Structure formats: C-alpha cells, structure tokens
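Here are some notes on helix packing and aromatic pairs. Please read them with the model open.

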Amino acid sequence: MHHTRRLTVLAATALAAVVLPGLTAACGSSPGASSGGRTTVTVGVAGSFSGATAFYGQEAQKGANLAAKVLNAAGGKYRYKIVTADDECTPDGGASAYTDLVYSQHVSVILGSPCSAATLGGMATLKRAQVPDLVVSSTSALITAQAGVGGNPYVWRMNVNDATMAAAFTKYMHDHSVAKLATIAVNNDYGRGAITFYKADAGGQGISVTDSEYYTQGAGDFRTQLTRIRFSHPGALLMVGSYGDAVVMLEQMRELGFKIPLYTRGDVVSQSFLSLAKNPALGDGAIEATNWDPTYAAYPGIEQAYQAAYGTDAQSYAVQAYLGVQLIAKAVAAGGGSSADIQKALSSIDWNSPLGPVKFDDHHQAHPDLFLNTFRNGKVVRLEMLPTSS
Amino acid sequence: VFFDQLVNGLTLGSQYALVAGGLALIFSVVGIANFAQGEFYMVAAFMIYGLESAGLPYVACCVVTLVGMAVFGLVVYGVALRPVTGRGWETQLVATLAVSLLLTNLAIATLGSLPVLVRSPLLAHTVSIGPTDVSDQRLLVFAATAMALIVLGGMVKFSKIGKGMRAVSQNREAAMIMGIPVRRVEMTAVVIGCVFAGVAAVTIAPLGTVVPTVGAPLTIKAFAAVVMGGFGNISGPIVSGLILGLVEAYAGGYISSAYADAFVFGVMIVILVVRPRGLFGRAVRAA
C-alpha cells in the first residue's frame with residue numbers, strides 16, 4: 001500500500017515536471033535569452049527526421065547547423081541556436097512539430113518544412129503563436145496562395161514554387177519541340193500537386209499529355225508504369241520524384257530498351273544521382289528545373305564548407321536551409337531577435353541571394369531565379385538561369 | 001502489354017511469395033504472426049550492400065548474406081520470438097512490432113535514410129523473351145524463387161525436420177509428447193523464414209534502391225498474401241503472393257498505377273468474402 005502511494009507520488013511528480021513547463025511558458029514569440037553578452041536567437045528546423053523521408057530533415061538540419069556555425073564564428077550581437085522537430089512529412093506531423101517548436105522549444109522563427117504537406121499542417125500554429133516561418137524548399141503553390149494578404153501573415157517563402165516552375169519548364173519543353181508528354185510522379189502531395197500544374201501548363205503550351213503514372217516512394221520496380229508509358233507513345237517523359245527513384249527508373253528504361261528525352265523535378269540532375277548511379281552516363285541528357293543550383297557555381301563557399309564539415313555533397317535541402325538561416329540573420333540584424341522583430345524585418349528584406357533576388361510580394365512569395373540543368377558526360381551542367389521576378 | 005506485365009507481375013509476385021512464405025512458415029510452426037518479416041528483407045538487403053561495398057563479388061555476397069540471415073534468424077528466435085511463444089497474441093504482436101520498429105530505426109540511425117544501390121553484374125545483360133526484354137537479374141529472381149519454393153516443399157514433405165514442422169504446426173503438445181524437439185523445430189522455421197527473406201533480398205534488391213523503410217510495405221503485402229492464401233498452410237500464401245504481384249502489375253498496366261494497391265487489397269477482400277478461410281484454407285473444428 002505504502003509502495004503504491006510512493007509510486008503515485010513519483011508518477012505525479014514526473015507528470016508535473018513534463019507538463020508544467022509547457023503550461024507556464026510564454027509562446028514562441030518571446031525574445032532570445034542572453035548568453036556571454038550575445039543574445040541567442042533560436043531557429044527551429046521543422047522537417048522529417050523519421051521514416052522514408054528522414055533525409056529531408058537531416059539535410060536541412062545539417063545546412064542550418066553549418067550556417068549557424070559560420071554566423072556564430074563571425075561574432076556580432078546575436079548567437080544562433082538550431083533546434084529541430086520531426087514533422088514526419090505529414091499534415092498532422094507538421095501541426096505537432098510546429099507546436100513543439102513554438103510552445104516547448106520557444107523558437108523565435110521556424111525554418112521549413114521541406115514537405116509541403118507538413119508546412120500546410122503547421123501554418124495554423126504560426127498564426128496563433130505569432131511566430132514567423134521561412135519556407136525554403138517545399139514547393140506546393142497552395143502555401144503561397146494561403147500566405148500573406150488575405151491569408152496567414154506569418155508564412156514567408158524564399159523558394160520558387162511549383163506553379164512558377166511548371167509554367168517556365170513547360171514553355172521550355174514547347175520551345176524544344178516537345179509535342180506529346182507522359183508524366184510519372186511519386187504518389188504523394190508533392191508529386192500529385194506538381195503534376196496538376198504541369199498538366200495544365202502543358203495544355204496551355206499545346207503539349208498533349210499521353211499518360212500520367214504514379215508510384216510509391218522508394219518502390220523498387222517501375223516496369224509496370226514504364227510499360228504503360230511506352231505504349232502511350234510520348235515524345236518526352238516528365239518525372240517528378242527523387243534522384244534515388246530516377247536511377248532505378250533509368251536503369252529499367254534501359255532494360256526495356258525504352259529511350260526518350262527525360263525532364264525531371266526533384267534533385268535528379270545532381271551530384272547525389274551521380275554518386276548513387278555509379279554509371280556517370282546513365283542520366284546523360286536529362287534536363288531538370290530546380291529552385292537551387294546543383295552545380296554549386298552560385299555558392300562555392302557553401303559547398304566547400306559543407307564538404308569539409310560532413311564529407312558529402314550538399315543536397316538541395318541543406319543548401320536552402322543554409323541560405324534560409326542567412327536570410328533570418330539578415331532580418332535579425334535589421335530588426336532584432338524576437339519573433340515580432342523578425343516578422344517585421346522580413347517584410348522589408350531585399351537580398352540579392354546566391355539563388356537570385358529575395359524580396360517578398362504581398363503573398364510573401366519571393367522570386368529568385370529558376371535553374372535549368374542537365375547531365376553532360378557524367379557531369380551536372382547548368383543550361384540556363386531564368387529570372388522569375390518579372 | 002500483356003506479356004510485359006506478366007514479367008513485371010511475376011517479379012513483384014516472387015518478392016511477395018518469398019516474404020509471405022517465410023511469414024506463413026513462422027506462423028504455422030511457431031504460432032507467431034511476425035510483423036517484422038519485411039524488415040528481415042531490409043536487413044538482408046543492407047547486408048549484401050555492405051558486403052558488396054567491402055569489395056566482395058556478387059555471388060560471394062549472396063552466399064555470405066544467406067548464411068548471415070541464417071545466423072540472424074537464430075538471434076531473432078532466441079531474443080525476440082522464443083520468449084513469447086505460447087504467450088497471448090497481444091504479447092506476440094507487440095514483440096514483433098517492436099522488432100520491426102527497432103530494426104527500421106536502427107537502420108535509419110546508423111545508415112541514414114538515403115537510398116543505396118546493390119549492384120549486380122546480371123543487370124547489364126538483357127535477353128529478349130517474346131515481345132519484351134528482360135535482364136538476367138530478373139531471370140535470376142524467377143529461378144531463385146522457384147528453387148527456394150521447391151527446396152522448401154521437398155524439405156517439409158520428406159526431411160525429418162520438415163515432418164517435425166508439420167507435426168508441430170498440427171499439434172504442438174502432441175508433438176512434444178512424441179519426443180519431437182519443438183524448440184529446435186521452431187528455431188529451424190525462423191531460420192528458414194529469414195533465409196527466404198535473404199533470397200528475396202539478394203535477387204530483388206539489385207532491381208531497385210534499398211532504404212531502411214523498405215520492409216513495412218512488404219510486410220503488409222505479405223500479410224495480404226497470407227490472409228488470402230489461408231492461415232495455417234504454406235503453399236497458399238506463396239501462390240497468393242504470386243497472384244497479388246500479377247494483380248498489381250495488370251491493374252497498374254491496364255487501369256491505373258495510382259490505384260494498383262487498391263486493386264490488390266480489393267482482390268483480397270473479394271476472395272475473403274467468397275472464401276472466408278482463404279484460397280487454400282480448410283475448415284477446422286474447434287476442440
């Protein structure tokens with residue numbers, strides 16, 4: 001009996017220890033704490049850290065950590081601390097991760113999520129807590145539509161979205177004599193959302209879509225879809241997915257003897273593809289539209305620092321998170337380290353970033369450049385850099 | 001299209017059949033529904049990837065991986081399955097789910113979540129069969145699956161340990177009274193289940209990428225095959241695995257790839273409505 005009472009007291013104490021800080025804490029807009037004469041600005045990276053998409057969050061965290069390290073080493077009034085929350089790349093996970101970052105980890109600003117679904121799921125929390133979120137890599141146009149004027153004023157997007165990319169990329173296809181296009185995309189919000197725009201814009205350019213296929217992320221076998229696409233007789237294939245899936249898909253196209261011009265989205269034309277494929281010529285000729293520069297020519301310093309820190313090539317999520325922290329630092333330098341200060345400063349940001357101009361419109365969408373790249377002789381080569389700010 | 005999708009369906013079906021075969025064997029003999037069967041495939045796939053990265057040729061990688069999976073089976077039986085044999089299904093469910101989650105997250109934590117490729121020299125060469133081209137690797141998948149199933153069938157029917165498995169699956173207590181070493185028989189079944197996952201991995205992994213989360217969807221498909229084939233027998237789930245692969249390929253090929261999984265589980269539901277005990281299940285009178 002005595003034993004049971006002691007256990008009850010222990011359990012109640014443990015519960016109080018977990019719950020009370022959450023109840024008594026102020027919301028995430030509280031100003032940063034002071035440390036060694038420098039004010040700490042806590043930046044929360046929301047991203048997937050578990051499951052099939054765990055690399056989104058892991059890469060973003062690495063990029064953000066590296067940027068914070070560089071900023072902290074440079075000295076100044078502010079010190080940057082990166083914390084993370086797992087959004088599982090789902091709307092529910094996004095809501096949970098954003099709540100955790102704001103109310104438990106007391107961040108001044110959120111960076112992310114790399115997943116559109118998670119970003120959309122977390123947006124309501126931002127409005128309640130009045131904490132800004134800088135989106136740097138997720139591409140759903142819905143986020144732009146729901147941000148800024150008439151929507152959520154705390155969401156800011158630094159990267160080019162699917163709608164802008166689809167319009168420019170389908171025009172490029174049309175200019176390069178593509179008349180019949182088939183599509184294959186990963187069967188999730190990202191893939192389905194992107195294909196909606198590509199199909200509409202292809203129609204607008206007079207390109208007919210012969211077939212649209214979907215696959216489960218990480219699925220090993222694409223022959224079923226490729227067979228169907230092949231018999232629809234397209235003139236080109238658009239793939240929206242990831243570089244890992246693209247390697248397998250191209251090998252299976254080769255197995256089937258199926259050769260066709262390939263257009264891609266999703267870090268396919270990248271160093272990561274070349275490292276995985278081992279056959280440098282596998283992707284030769286594939287053309288990709290991206291919202292970052294996989295040749296690293298736009299930011300040689302970042303790539304070298306990343307290589308030195310982690311021993312691997314920086315992927316898009318890492319580079320974009322790095323640049324996102326830099327943008328946050330500019331906002332902090334302009335206005336201060338609290339959520340309200342950052343929110344106010346973001347509205348007047350005008351930064352000529354390595355990815356192009358970053359100045360937010362009334363939907364809080366920036367208009368940096370769009371990069372078109374290809375593989376040539378087993379190397380990533382930039383074809384064009386298209387401004388999107390006009 | 002028909003012949004192309006036949007090849008595609010048989011490849012998918014081979015994978016499901018091998019994983020479902022191991023799952024059914026463990027369920028029949030040990031009496032545990034193993035929710036970590038797909039993760040056994042993942043472990044074997046990363047095992048062959050590691051060996052290949054160390055510079056071993058493909059054939060040696062296959063052999064060492066299969067031996068490694070046998071050892072892995074011994075460990076899994078001793079650590080996770082043996083302690084819960086004879087316990088309630090809830091305990092067994094939680095135990096195998098724990099193994100599944102542990103293996104997946106251990107792989108993510110130690111190996112990362114980026115995809116890796118297993119290379120095989122058989123991928124480079126293709127042969128024309130009828131109207132389609134098929135890589136030697138895919139032919140190896142068919143041959144290895146057929147061989148594994150024949151060896152298992154022969155062993156269960158003719159060998160002493162196989163007869164022991166049948167006896168234990170029919171009546172564990174009676175088998176024990178008759179002097180059959182039940183623990184050893186159970187251990188053998190788990191080892192074979194793991195080796196089956198290994199056969200699937202060494203032949204099929206080179207056709208795609210390997211990620212730590214590759215196991216969960218396989219487990220679901222394997223369970224669908226076992227439910228469809230009927231619990232308590234081994235041949236039913238294997239045949240059902242092949243059928244599910246073909247349904248997935250033909251549904252994806254002729255209707256829509258976006259809903260291929262829906263068709264797979266739709267077929268399973270229809271079969272269960274028509275034959276509640278599964279395709280090969282038999283009525284069992286309660287004792």
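1. Buried means under 20% relative accessible area, exposed over 50% and partly exposed in between, with a 1.4 Å probe and protein chains only. At 0% relative accessibility, B:Phe40 therefore counts as buried. B:Phe72, at 16%, is buried too.

2. On provenance: the model is predicted, local features need pLDDT of at least 70, side-chain atom pairs count only at pLDDT 80 or more, and totals for chains, interfaces and linings use all residues. Side-chain values use heavy atoms, without hydrogens and water, and residues are numbered from 1 along each chain, with chains lettered from A.

3. Rings of Phe, Tyr and Trp (its six-membered ring) pair if their centres lie within 6.5 Å; planes under 30 degrees apart are stacked, over 60 edge-to-face, the rest tilted. The count is 15 aromatic pairs over all chains. In one of them, the ring centres of A:Tyr215 and A:Phe222 are 4.9 Å apart with planes at 90 degrees, so the pair is edge-to-face. Both A:Tyr215 and A:Phe222 are buried.

4. B:Phe40 and B:Phe72 also pair edge-to-face, because their centres are 5.4 Å apart and their planes at 85 degrees. B:Phe40 sits in helix H2 of chain B and B:Phe72 in helix H3 (residues 58–81) of chain B, so the pair ties together parts 32 residues apart in sequence. Helices are DSSP runs (H or I, at least four residues), numbered from the N terminus.

5. Ring pairs also link A:Phe55, A:Tyr56 and A:Tyr317 into a cluster.

Notes:
Helix = DSSP H or I, 4+ residues; strand = E, 2+ residues; numbered from the N terminus.
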